[in-house]
Amino acid sequence: MTMKVSRRGFLASASAAVLVLGVRPDGALAAGETDAMLNPFVKVASDGQVTGIVKHFEKGQGPATGLSTLIAEELGVSIEQITYEFAPSNPEIYANTFFGGFQGTGGSTAMANSFMQYRQAGAAARELLIKAAADAWGVDASGLKIVEGIVTGGGKTAPIGDFVAAASTMEAPADPPLTPPSEWRLIGNPDVRRLDSPIKTNGKAMFAMDLHLPNQMVAVISRAPSRGGLVAGFDDSACSEVKGFIRAATLPNKAGVAVYAEDTWAAFQARDLLSVDWDMSAAETRSSDEIKSEIMAALDEAPTYNVSKTDHAATKSAVDGAETVVEQTFYFPLLAHAPMEPLNCTIEANADGGVTLHDGCQAPTGPHMALSQIFELPMEKVRINTMLAGGSFGRRATPDADYQVEAALAFVITDRKRPVKLVWSREDDMRSGYYRPAVGHRVRVGLTGGKIVGWDHHVAGQSIMKGTAFEAMAVRDGIDHSSVEGTADGPYQIPGMFVGLTDTPKATSTLWWRSVGHTHTAYVMEVMMDQAAKAASADPVEFRLAYLSGEGDDQKRKANVLRLVAEKANWGNAPEGRYQGVAVHKSFGTYVAEIAEISGNPDDGIVIENVTCVVDCGIPVNPDVIKAQMEGGIGYGIGHVMRDQITLAGGEVEQYNFPDYEPLRISDIRGIDVHIVKSEAAPSGVGEPGTPPSAPALANAIAAASGVMVASLPMEEEGVYFA
Amino acid sequence: MAISLKLNGNPTTVEAEPGTPLLWVIRDELKLTGTKFGCGVASCGACTVHVDGEPTRSCQTYIEDVEGAEITTIEAMEDTKVGAAVQQAWVEMDVVQCGYCQSGQIMSAVGLLTENPKPSVDDIHDYMHGNACRCATYQRIRAAIQRASDILEA
């Protein structure tokens, strides 16, 4: 972690702050306007109110609290004394430092990429306020500190707000000293509460769906029944029956017909009465069965790409020569993200000729560029107002900014006098979505003397990155790493490991889904580890530890969470009638081990009694948020493998709404215990890493209970039922 | 058509076409956006409000069927004893993640605790089954309902 906030950045904003906040364009100081933008990440008002400018969107994963915690820690205020705002779209200041010049949230990077940046921002603000106080009091700055928002020292005390005006005229320190971990009050404090809890329990939280701009129209889109269909014509004569219907118009890209109405219900009603002729000549026509057959056929052939850069022939011969061979073929279906808030966003024209997008915006740079092109506007004339997002799980960041582009197209063909709010229904979300790709794995593990001597692993499936704007960045030597992450690159030191990859044709738009490739690779790795342990008549925990015995930090941290979870879950000593399954996986720099404990059996119904989780995510900034993310990640992973899949018939998605894609319910997992490893390592992500081990831990528990190893998902499709 | 009802204690008249779901009247006409649209088919519970004290899926409740009824939404929960206790428990335990379903969760939890002040875990599971949370905050919902029960008992 050597990243620094540039001195120039602070200087530019500090001088801009005086201009913006201190002096009006007419040159006069505005009375009471003593707020000062001390730097791009922190705002301190003259009443002492501190505002963190949060560059990551909040979909529940906690950055509004987390990034504010970092600022509050360094600035010397309590968590109650800070509030947050979401940053505008401006990648020059707010880029994800792990994503080059791109502003966006993903890959569980929000805390990891902000940890130094936001602490430095808070520290710089603190230094400026202290210097201003020292100047005002005529004392040495080194004797001053800020405690709970009060500058203290030299026998004096005064609230920080008193020094805001003076501080805003000063030059920011280039390298402000950071508070040492031994003095942290907020970082690592389990009592720090989420800043967004109150507004999310009293109905006041404003999601993009809750925006009602004056004079807005609601637009819903009639889309082709399957991917690739285009509008050939439409008849909206019946729509006029609906009070509030305004008009219908074909989108410029012919991907759909926009139905405009005065309110949401009228728009839905009118769309139901719209008749559209579709040109389906280029549309997808395959079924899920055909997709699965393509993947299985690919697994029968040699892989296209050598992912592990190892000798396939040597691995094959090692496996063939082994005493015992464990072989298994896996299949993972398409999955929808189905965030609770259906996709939506609003676009309005600005007085300066530009436009503003109001959106629970996950990756502003994408829609920013797209809107700039569609409206033929310079980037600075396109503004993005990031609002709270009702979940995402990856869905709100697409390489082609799909729904924001749809809204822009629906807006660009109007006279632009009325804001247009694009609303997706749940059916739109389920049927017109982007999906976790369908993937197959075939693995042959050879064991001799109870030890792995060869691991021959072939992944075949639909690439996420290929064919998108991210291909150039994310695909190397033809390999989309997101298809195979979590296999050969994991901490396990597996002798004779070969991993190959074959791409199969896409039948839908594919997209990262909470934990991306790890959604399937962790399942395969951890189920195969259990199967191999069984073949070796070894304890599954001990068996895994044998491949994590190296001196590397990677092995040690993974082994540590595994040992700890065994201890916390009382591994091997499940009560009568209960069965345990374990899995451990590293993703996004974070190590997570989980033990699922179940009762019942696959025929009469499995009950998931408990999941114990140990996570090592480096320095745990907000421990309670980390616990919540593990709880949620476990629920998300397990809920989908129990019973969810997106299927196609003749190219059309067969699921319509939640009854066909039943979400995890409150009784499905009876308890979750999360334990956090103490660590001084740099913080890594927590939004995704709880998900990958959850499904294989459940699968391994079911295998322990019944001998049934589920290799094709979802489990209910394979005759494993849940009570 | 004009429909008269009582919204959060205030007599209100709304203008809506017959067949319009109560949800959209609350959200789009009355601009009370704490009540959420999640599925439109009464499958997720995000739209839960109280109709004459009963938790009800407003997305499947026609406006003409609530003529004269007392409608209570999340915005009025802090003014009720049970609602305030549930909200206190929710904040204490940081139940929320994305938060989009939580109005509906709270409206259902208030319904549960109103008719059953000391619910068992099974009671909670049965009553809350229809409220989906895609963030899977269920662990904390369960605990917060028990906490709210304790707050009410104290």
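Read along the sequence, chain B runs β-β-α-β-β-β-α-α-α-α. That pattern holds five helices and five strands, where helices (H or I, at least four residues) and strands (E, at least two) are DSSP runs, numbered from the N terminus. Chain A has 18 helices and 31 strands.

This is a predicted model, in which local features need pLDDT of at least 70, side-chain atom pairs count only at pLDDT 80 or more, and totals for chains, interfaces and linings use all residues. Residues are numbered from 1 along each chain as its sequence is written, chains are lettered from A and ligands numbered from 1 in the order in which they are written, and side-chain values use heavy atoms, with hydrogens and water left out.

**Confidence in chain A**

- Chain A has a mean pLDDT of 93, and 95% of its residues reach 70 or more; pLDDT is the predictor's confidence in each residue, from 0 to 100.
- Residues 1-35 of chain A have a pLDDT below 50. Beyond near neighbours in sequence, this stretch still has 61 contacts in the model, a contact being heavy atoms within 4.5 Å.

**Overall form of chain A**

- A compact globule of 723 residues would have a radius of gyration near 27 Å, and chain A agrees because its value is 27 Å. The radius is taken over C-alpha atoms, and the globule rule is 2.2 Å times the number of residues to the power 0.38.
- The C-alpha atoms of chain A fill a box of roughly 85 × 70 × 45 Å along the principal axes.
- Of the 723 residues in chain A, 63% are buried. Buried means under 20% relative accessible area, exposed over 50%, and partly exposed in between (1.4 Å probe, protein chains only).
- Among chain A contacts with a separation of 6 or more, 76% join residues 24 or more positions apart.
- Chain A has an accessible surface of about 25300 Å², and 51% of it belongs to carbon and sulfur atoms. Areas come from the Shrake-Rupley method with a 1.4 Å probe; for residues, only the protein chains shown count as cover.
- Chain A carries 59 positive and 88 negative side chains, with the centres of the two sets 4 Å apart. Lys and Arg count as positive and Asp and Glu as negative, while His and the chain ends are not counted. Each charge is placed at NZ of Lys, CZ of Arg, CG of Asp or CD of Glu.

**Overall form of chain B**

- Chain B has 154 residues and a radius of gyration of 15 Å, which agrees with the value near 15 Å for a compact globule.
- Its C-alpha atoms fill a box of roughly 45 × 30 × 25 Å, taken along the principal axes.
- In chain B, 62% of the 154 residues count as buried.
- Of the chain B contacts between residues at least 6 apart in sequence, 59% join residues at least 24 apart.
- Chain B exposes about 5300 Å², with carbon and sulfur atoms supplying 48%.
- Its side chains include 11 positive and 21 negative ones, and the centres of the two sets lie 9 Å apart.

**Buried sites**

- Ala697(A) sits in helix H18 (residues 694-706) of chain A. Ala697(A) counts as buried because its relative accessibility is 1%.
- Beyond four places in sequence, Ala697(A) contacts Gly581(A), Val582(A), Ala583(A), Glu594(A) and Ala596(A). The C-alpha atoms of Ala697(A) and Ala596(A) are separated by 5.4 Å, although the two residues are 101 apart along the chain.
- Ser43(B) lies in the loop between helix H1 (22-29) and strand E3 (48-51) of chain B. With a relative accessible area of 10%, Ser43(B) is buried.
- Leaving aside neighbours within four places in sequence, Ser43(B) touches Phe658(A), Pro659(A) and Arg665(A), along with Gly130(B).

**Backbone features**

- The peptide bond from Leu713(A) to Pro714(A) is cis, with omega near 5°. Pro714(A) belongs to the segment after H18 of chain A.
- Phe588(A) has phi near 55°, a positive value in a residue other than glycine. Phe588(A) is in the loop between strand E26 (578-587) and strand E27 (590-601) of chain A, and is partly exposed at 21% relative accessible area.
- Asn8(B) has phi near 50°, again positive in a residue other than glycine. Asn8(B) is in the loop between strand E1 (2-7) and strand E2 (10-15) of chain B, and is partly exposed at 23%.
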